[in-house]
Every structure is written in structure tokens, then in C-alpha cells.
Amino acid sequence: MPARMFAALVPPPTVLVQLEEFIEVRREADSRVRFVPIDSWHVTTAFAAAVASRNVDDLTEALVDVAGRTPPLDLTVGGGRCLPTPVEARVLAFGVGPSEQLGRLAASCRTAFSHAGVAVDGARFVPHMTVARMRRPIEATPWLTVLDACPDASWRADELVLIESHLRDTANRYEVVERFRFKG
């Protein structure tokens, strides 16, 4: 059976804890908002809904090449995002930047998936880290104000991670398949 997989950047525990301290007291504020567990927070650079087992080795090799060409990235998480829009939000997220560097990395990751024979999600890349989801769209403008109040957190991303998503488990579970160190 094909696997759901994605390439991502995962902030270090210090950054995750800093952001979680802000989010924690707000987790019960709105029953329509389902906050994602902290161990699932990441920045997706490429996503594929169906990766056949025969393509995993080629995908791994292609991502080794991407990481080998990518210097470490100094990233900042901060500022609220509502996707697709604040008026009909299905996702609450923090923005991540600089977006130009992340955009180049995402394009390289998507190309790697394609060269490995894997159909990649073609949605426009918006650098973000999802912190909550809604079953139905909500008007989430007040949540933008809340998330904007969170102090920014920064880190140096020095690796890309290939993750398999297990949606059929009791809860969504992510399993690290491989880690790829950036050059430098």
C-alpha cells in the first residue's frame, strides 16, 4: 500500500517548547480548534499522498542530493497564519521565514520527489508550521491576533527530514524515515 510521505524541517526542542508555552494556555479556548501535538510540529517542504515502496530508495537518494546542495538555514517562526484564509480558516499556523530561502528549498524537494517518480502535491508553497486544525472552516481573525502576540523563535535548520504519515493510527502519527544533513 502506498505511503503518505513528506519532506520537512523540524525545529529543535528548545524552539518547540518556547512556542508550546505560548500555545498551551490557549488549547481549550475554542472547541472548534483542534491543536496539533507539539511532536507533530514541522515545516513541510514537499508532500506526496502516495509513495510506492519501490520509489522510496530513489526518493531518499534525491533528497540526499538536495541536502548536499543546501547550506544550513537561519529560520524564524512567528506571526499568525490562517489557511486558506482568515474568513474560512481550516488551519492555524505560525509563519516561517525567510520565505525566499524556504521557497527555493521547497522547489528542490518537489523536484526530488518528481525525479524519484513520486507525484507531489502541487499546491502553492506557503512557509508555515501548523499548530491547529478545524473540522469545518471558521472565521479565525481573532486567532491571528492571538498568534501574532507570540514572541518569535529562531533556529538554524541543518537537516531535512523524510517523514511517513500514518493517518489510520488511533491518532495521526509521524515516523521519521530518514534524516539528511545540509552541507556545511
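## Largest pocket

The lining of the largest pocket holds 18 nonpolar, eight polar and seven charged residues. This is a predicted model. The volume of the largest pocket is about 990 Å³. Its lining counts 33 residues. Closest to the centre are Thr 44, Val 91, His 128, Thr 130 and Arg 133.

Which strands supply at least two residues each to this lining? They are β1 (3-9), β2 (33-35), β3 (43-51), β5 (89-97) and β6 (128-138).

## Second largest pocket

The second largest pocket has a volume of about 250 Å³. Two elements give two or more residues to its lining: β8 (159-166) and β9 (173-181). Of the elements, β9 gives the most, with five residues.

In total, 15 residues line the second largest pocket. Nearest its centre lie Asp 39, Ser 40, Ile 163, Tyr 174 and Val 176. By class, the lining divides into seven nonpolar, three polar and five charged residues.

## The sheet

Strands of a sheet pair through backbone hydrogen bonds, in a parallel or an antiparallel sense. Which sense applies here, parallel or antiparallel? The pairing is antiparallel. Five strands make up an open sheet, in the order β2-β6-β5-β4-β7. From one strand to the next, the twist averages 30°.

Strand β4 (residues 73-83) and β7 are joined by five bridges, in the antiparallel sense. Among the residues involved, Asp 74 has Arg 156 of β7 as its bridge partner.

## Helices on the sheet

Helix α1 (residues 13-24) packs on the sheet. This helix touches β2, β4, β5, β6 and β7. How is α1 directed relative to β7? The two directions make an angle of about 155°.

Helix α4 (residues 141-148) lies across β2, β4, β5 and β6. Its run is at about 155° to β4.

## Where sheet and pocket meet

β2, β5 and β6 belong to the five-strand open sheet, and each of β2, β5 and β6 supplies at least two residues of the largest pocket's lining.

Methods
Residues numbered from 1 in each chain as written. Predicted model: local features only at pLDDT ≥ 70, side-chain atom pairs only at ≥ 80, totals over all residues. Heavy atoms only, no water. 1 Å grid on protein atoms, 1.4 Å probe; cavity = no way out; pocket = protein on both sides within 12 Å on 5 of 7 lines; lining within 4 Å. Points joined across faces, edges and corners; volume = space filled by probe spheres on them. Helix = DSSP H or I, 4+ residues; strand = E, 2+ residues; numbered from the N terminus. Nonpolar A, V, L, I, M, F, W, Y, C, P; charged D, E, K, R; others polar. Pairing = 2+ DSSP bridges. Axes fitted to C-alpha atoms, helices over the stretch in contact; angles between N-to-C directions. Contact = heavy atoms within 4.5 Å.
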